[in-house]
Amino acid sequence: MTTTATTPIVSAPAQQNSPVRRAKRRSLAPGERLPASRLVGPGLVLALWAAASAAGQLDPAAVPAPWTVLRTAGQLWSDGTLSTDVLTSLERAGYGFALGLTAGVVLALAAGLSRVGEALIDGTVQLNRAIPTLGLIPLFILWLGIGETFKIAIIAIVVYIPIYLNLHAALSGIDHRFVELAEVQGLSRNRFVRQIVIPGALPGFFVGLRLGVTGSWLSLVVLEQINATSGLGYLMFQAQNYGRTDIILVGLLIYGVFGLASDSAVRIVERRVLSWRRTLSN
């Protein structure tokens, strides 16, 4: 009878005591969102402006100091001039934006969901996009008069074009495999539009909405200097005649605050509506 001796395998003490080191993977994502990150850039510009004014590097007649602009804004608000002009500008921008938003969504849905609608609408909108909108002002004055109507119409045109373009592109870019899946599941056209088309097109819609909001303020600056008796643009135009750069800067800062606030509001709504998406931003 043969007996085989086995030798137990003993691991080295160095291997038992040494910890296992794993290489930490570096995240490629931007990281967590910084609090109030969108205010860092404007705050830095304001700080540089204040520092340059305090150091005497800026001509007060050309670029007044921030505290001078704030003092002027307080004086205009106390005598009721600024509040009236702000409300007038908000009303014009609101009416024009509402009309442009409605027109952009309706036309994009009609062109994006129907070949007949695309044939009738898309070419016309592309032609309108190629024509400078502010170049239509003389023609609209002849058609609609010099009052408020032509201003609201121009704002509506400026707003509806980016909304239409981005929403139509989002509708056209929906993967055809979703259409095939809906056909296999036997979805009706209404359920297909409600459950697949609209959620898939919402990201493009919000991009167009942000551009439309910005466009309404940009066009308002020009329109309120044409035969207007109130509004921020009118206030800035009158200040130009008297060489009041502080009042001009007040108007520009208010336009900038309105634009930043409205864009931030659209972003907040977008994050809530599209909370199901996993993107770099969230």
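What follows is a short chat about a predicted model.

Q: What is the secondary structure of the protein?
A: It comes to 11 helices and 0 strands. Helices here are DSSP runs of H or I with at least four residues, strands are E runs of at least two, and both are numbered from the N terminus.

Q: What should I know about the numbering and the model?
A: Residues are numbered from 1 along each chain as its sequence is written, and side-chain values use heavy atoms, with hydrogens and water left out. The model is predicted, so local features need pLDDT of at least 70 and side-chain atom pairs count only at pLDDT 80 or more, while totals for chains, interfaces and linings use all residues.

Q: How many of the residues count as buried?
A: 33% of the 282 residues. Buried means under 20% relative accessible area, exposed means over 50%, and partly exposed is in between, with a 1.4 Å probe and protein chains only.

Q: And the contacts, what share comes from residues 24 or more positions apart?
A: They account for 72% of the contacts with a separation of 6 or more. Contact means heavy atoms within 4.5 Å.

Q: Switching to helix pairs. At what angle do α4 and α9 pack?
A: About 145°, with the axes 10 Å apart. α4 covers residues 81–112 and α9 covers residues 189–223. Axes are lines fitted to C-alpha atoms, for helices over the stretch in contact, and angles run from 0 to 180 degrees between N-to-C directions.

Q: Which residues meet there?
A: On the α4 side they include Phe97, Leu101 and Val105. On the α9 side they include Phe205, Leu209 and Trp217.

Q: How do the residues of that contact divide?
A: Into 10 nonpolar, 2 polar and 1 charged. Ala, Val, Leu, Ile, Met, Phe, Trp, Tyr, Cys and Pro count as nonpolar, Asp, Glu, Lys and Arg as charged, and the others, Gly among them, as polar.

Q: What about aromatic pairs, how many does the structure hold?
A: It holds 3. Rings of Phe, Tyr and Trp (its six-membered ring) pair if their centres lie within 6.5 Å; planes under 30 degrees apart count as stacked, over 60 as edge-to-face and the rest as tilted.
A: One of them is Phe140 with Trp143, whose centres are 5.6 Å apart and whose planes are at 40°, so the pair is tilted. Both lie in helix α6, 3 residues apart, about one turn of the helix.

Q: Is Phe140 buried or exposed?
A: Buried, at 11% relative accessible area. Trp143 counts as exposed, at 58%.

Q: What about Trp217 and Phe258, how far apart are their ring centres?
A: 5.1 Å, with the planes at 35°, so that pair is tilted. Trp217 lies in α9 and Phe258 in α11, so the pair ties together parts 41 residues apart in sequence. Both Trp217 and Phe258 are buried.

Q: Back to α9. Where is Pro203?
A: In helix α9. Pro203 counts as buried, at 19% relative accessibility. Leaving aside neighbours within four places in sequence, Pro203 is in contact with Leu274 and Arg277.

Q: Last one. Why is α7 called largely enclosed?
A: Because 19 of its 25 residues are buried.
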